[in-house]
Every structure is written in C-alpha cells, then in structure tokens.
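Here's a quick briefing to keep beside you while you look at the fold. Have the sequence and the model open, and we'll go through the strands and then a few side chains.

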Amino acid sequence: MVSNQVDLYTNQYVLSGMICKTPKMSQSPAGIPHCIFVLEHKSMQLEADLTRNAYVRIQVVASGEQFRTQTEHLYVGQAVQVRGFINRHESRNGLSQLVLHAQHIERIN
C-alpha cells in the first residue's frame, strides 16, 4: 500500500466512561454469550482552538467466551475503557443506532 493512501477498512474506536445502565447478559441460539451495557462519556475537548463539552452515550456489546468472566462483575457507575469497532444496528421499530462492539474492556480505578 502506498503511504499516502487511506485504509478504507479501518474501524477502530476507543472510549472511556462510566457504565450507566445495568449490564444485561444473554446467549445467542448458537450458544455465544453476550453482555450489553451503555457507556457514558463526558469530557472537555479542543476543537478549532476552543474547548467544548463532549458527551456520548453508546451501547456496548461484548460477545464471546473471552468476555464471560470479564463482564459478569460490571456494574452501574464503574469506569471502563472499551476498545473495539463501530457497527450499525437496527431496532425492531426500524430506527438505526451506532453500537460499539468490544474487543477489549479495561476497568479504570
């Protein structure tokens, strides 16, 4: 790949914040464990040499055996950093939302 080309397949996202909704555990028909929770992020960011408040709430999905023990002790108010990829999900009523699919979750003390 030429160094000035952009990789059109990059989809990486890192966000830290507080868990603001009780994590829900479930299992797919194929037996894959899932943990779904909502992460809330608040910070001050610099944009155009000015500071602005940044506020995000995003649903996080952690799927697979590797997350089973890691997510069973998550709780509302806990600070975590999540690294993963963004995907579009469509709800039953047809509304779409962005969801963060976790590839790594780290507790922040």
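This is a predicted model: local features need pLDDT of at least 70, side-chain atom pairs count only at pLDDT 80 or more; totals for chains, interfaces and linings use all residues.

Strands β4 (residues 79-90) and β5 (residues 96-107) run antiparallel and are joined by 11 bridges. Here, two strands pair if DSSP finds at least two bridges between them, and strands themselves are DSSP runs (E, at least two residues), while helices are H or I runs of at least four, all numbered from the N terminus.

Residues are numbered from 1 along each chain as its sequence is written, and side-chain values use heavy atoms, with hydrogens and water left out.

**The barrel**

- Five strands close into a barrel, in the order β1-β2-β3-β5-β4, with mixed pairing.
- On average, neighbouring strands of this sheet are turned by 40° against each other, direction ignored; the axes behind that angle are lines fitted to C-alpha atoms (for helices over the stretch in contact), and angles run from 0 to 180 degrees between N-to-C directions.
- As a reminder, strands of a sheet pair through backbone hydrogen bonds, either parallel or antiparallel.
- β2 and β3 (residues 50-63) run antiparallel, with 14 bridges between them.
- Their hairpin has two residues between the strands, and Ala48 takes a positive phi near 55° there.
- β3 and β5 run parallel and are joined by three bridges.
- Going along the sequence, you'll read the pattern β-β-β-α-β-β, which comes to one helix and five strands.

**Around His101**

- His101 sits in strand β5, and Val61 has His101 as its bridge partner there.
- With a relative accessible area of 14%, His101 is buried (buried means under 20%, exposed over 50%, partly exposed in between, using a 1.4 Å probe and protein chains only).
- What does the side chain of His101 make a polar contact with? The partner is the side chain of His89, at 2.8 Å; a polar contact is a pair of N or O atoms within 3.5 Å, and within protein one must be able to donate a hydrogen and the other to accept it, with residues adjacent in sequence counting only if both atoms are side-chain atoms.
- Leaving out residues up to four places away in sequence, His101 touches Val61, Arg83, Gly84, Phe85, Asn87 and His89, where contact means heavy atoms within 4.5 Å.

**Around Glu40**

- Glu40 lies in strand β2 (residues 33-47) and counts as buried because its relative accessibility is 16%.
- The side chains of Glu40 and Tyr55 are joined by a polar contact of 2.7 Å.
- Not counting residues up to four places away in sequence, Glu40 touches Gly17, Met18, Cys20, Tyr55, Val56 and Arg57.
- Glu40 and Gly17 are 23 residues apart along the chain, yet 5.3 Å separates their C-alpha atoms.

**Cysteines**

- How many disulfides does a search of the whole structure find? The count is zero, with a disulfide taken as a pair of cysteine sulfur atoms within 2.5 Å.
- Cys35 is buried, at a relative accessible area of 1%, and its bridge partner in β3 is Ala62.

**Whole-protein numbers**

- Of the 109 residues, 29% count as buried.
- Among contacts between residues at least 6 apart in sequence, 52% join residues at least 24 apart.
- The C-alpha atoms fill a box of roughly 45 × 35 × 35 Å, taken along the principal axes.
- The protein exposes about 8000 Å², and carbon and sulfur atoms supply 51% of it; accessible areas come from the Shrake-Rupley method with a 1.4 Å probe, and for residues only the protein chains shown count as cover.
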